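Reader: I have not seen this one before. Can we go through it piece by piece?

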Amino acid sequence: MSRFIVENGVITSDELTAGGLRAWLTGHDPLIGERGRQRLSPDADLLLDGTLNHPKSYSIAALLNPQLDTEFEALQDRLRERILLTWQMELDARRGHGGLIREEISRLEVVELQHRRSRALDPHNHRHLWLNIKVLGADGKWSNLDSRVAMKLHTVVNAEGELAARTDPAWIAALARHGYTLDDTGEIAELAGAVRPFSRRSAQIGANRARLIVEWSGGSRRICAERGGDAADRSPRLGGLASEQAGRS
């Protein structure tokens, strides 16, 4: 398991064993032990999870072409480094009663998990970045980072990551070499039509929508027949209702 250490704007990495990961998750250094005061109460945060997600067509392109697979991994590496540096620059450590004292962070650590499938086993290359709650302040003391600020910053990080994936020059050039372009939604235009067939979740929603349409239409016709109305007059409202119910299924 890869651990990335961001210290004063410089990123290094090493590998953690299973035992080292367990120690790291509880705020300990895998090699030398404790870091400051431990907080292992049931409600204590141990880490924050940031996810690098991308349009599904990127994963399909990587599945079809080994060279694009390599380029896609490189894109995710660049986005990871950008996010780690943003975290180190923008987050603060919390100190004192009620966490009222803020301290700049000189060192933070992140473990990366790489996945090539979604939970439904669709092609979906993505990564989880586990940010350890224990950070080193500029004063040389270990303490917890301000998780509230981290959660707010996560929205910005997601937006920056999405924008970077759509505008990254090396990724766009790699796609162009293989005859691909990005459309206005950020998907690979030439593979956009393959996204839905490769998404079990989308197929499930589509099936639920179709079932609800049939059920709604049958019920509407019966009601309208009893009242002497026309079911077709109400059909324009069907799609939105069915989609909303399907999404909750």
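Reader: Which strand is β4 joined to, and by how many bridges?
Author: This is a predicted model. In it, four bridges join β4 to strand β5, residues 101-117, and the two run antiparallel.

Reader: Which residue in β5 does R95 stand opposite?
Author: R95 stands opposite I101.

Reader: And which residues of β4 are on its covered face, and which on the uncovered one?
Author: β4 covers residues 92-95. A93 and R95 make up the covered face, while D92 and R94 are on the uncovered one.

Reader: Staying with β5, is R116 buried or partly exposed?
Author: R116, which lies in strand β5, has a relative accessible area of 43%, so it counts as partly exposed.

Reader: What does R116 touch, leaving out residues up to four places away in sequence?
Author: R116 touches D69, E73, D122, P123, H124 and N125. Its C-alpha atom is also separated by 8.5 Å from that of R127, 11 residues apart along the chain.

Reader: Changing topic. How many helices and strands does the protein have?
Author: Seven helices and eight strands. The protein has 249 residues, and 41% of them count as buried.

Reader: What about the accessible surface of the protein?
Author: The accessible surface comes to about 14100 Å², and 54% of that belongs to carbon and sulfur atoms.

Reader: Of the contacts between residues at least 6 apart in sequence, how many join residues at least 24 apart?
Author: 63% of them.

Reader: Now the helices. Why is α2 described as largely enclosed?
Author: Because seven of its nine residues are buried, α2 is largely enclosed by the rest of the structure. The buried ones are K56, S57, Y58, S59, I60, A61 and A62.

Reader: What do they pack against?
Author: The buried residues of α2 pack against α3 (66-90), β6 (123-132), α4 (147-167) and α5 (169-177).

Reader: Take α3 from that list. At what angle do α2 and α3 pack?
Author: The angle is about 135 degrees, and the axes are 5 Å apart. The two helices are therefore oblique to each other.

Reader: Which residues make that contact?
Author: On the α2 side, Y58, S59, A61, A62 and L64. On the α3 side, P66, L68, D69, F72 and L75.

Reader: F72 is in there. Where else does F72 come up?
Author: F72 is one of the residues that H54 touches.

Reader: Where is H54?
Author: H54 is in the loop between β3 (47-52) and α2 (56-64).

Reader: In a loop, then. Is H54 buried or exposed?
Author: H54 is buried: its relative accessible area is 9%, and the cut-off for buried is under 20%.

Reader: How far is the C-alpha atom of H54 from that of E187?
Author: They are separated by 8.9 Å, although the two residues are 133 residues apart along the chain.

Reader: What about the largest nonpolar core?
Author: The largest nonpolar core has 37 residues, and those with the most contacts inside it are W87, L91, L108, L131 and L145. Two or more residues come from each of β1 (2-7), β3, α2, α3, β5, β6, α4 and α5.

Reader: Which element gives the most?
Author: α3 does, with seven residues.

Reader: Last topic. What is the phi of N8?
Author: N8 has a positive phi of about 55 degrees although it is not a glycine. Most residues other than glycine have a negative phi.

Reader: Where does N8 lie, and is N8 buried or exposed?
Author: N8 lies in the loop between β1 and β2 (10-15). N8 is exposed, with a relative accessible area of 58%.

Methods. Residues are numbered from 1 along each chain as its sequence is written. This is a predicted model: local features need pLDDT of at least 70, side-chain atom pairs count only at pLDDT 80 or more; totals for chains, interfaces and linings use all residues. Side-chain values use heavy atoms; hydrogens and water are left out. Buried means under 20% relative accessible area, exposed over 50%, partly exposed in between (1.4 Å probe, protein chains only). Contact means heavy atoms within 4.5 Å. Accessible areas come from the Shrake-Rupley method with a 1.4 Å probe; for residues, only the protein chains shown count as cover. Two strands pair if DSSP finds at least two bridges between them. A nonpolar core is a set of buried Ala, Val, Leu, Ile, Met, Phe, Trp, Tyr and Cys residues joined through side-chain atoms within 4.5 Å. Axes are lines fitted to C-alpha atoms, for helices over the stretch in contact, and angles run from 0 to 180 degrees between N-to-C directions. Angles under 35 degrees count as roughly parallel, over 145 as roughly antiparallel, 65 to 115 as roughly perpendicular and the rest as oblique.
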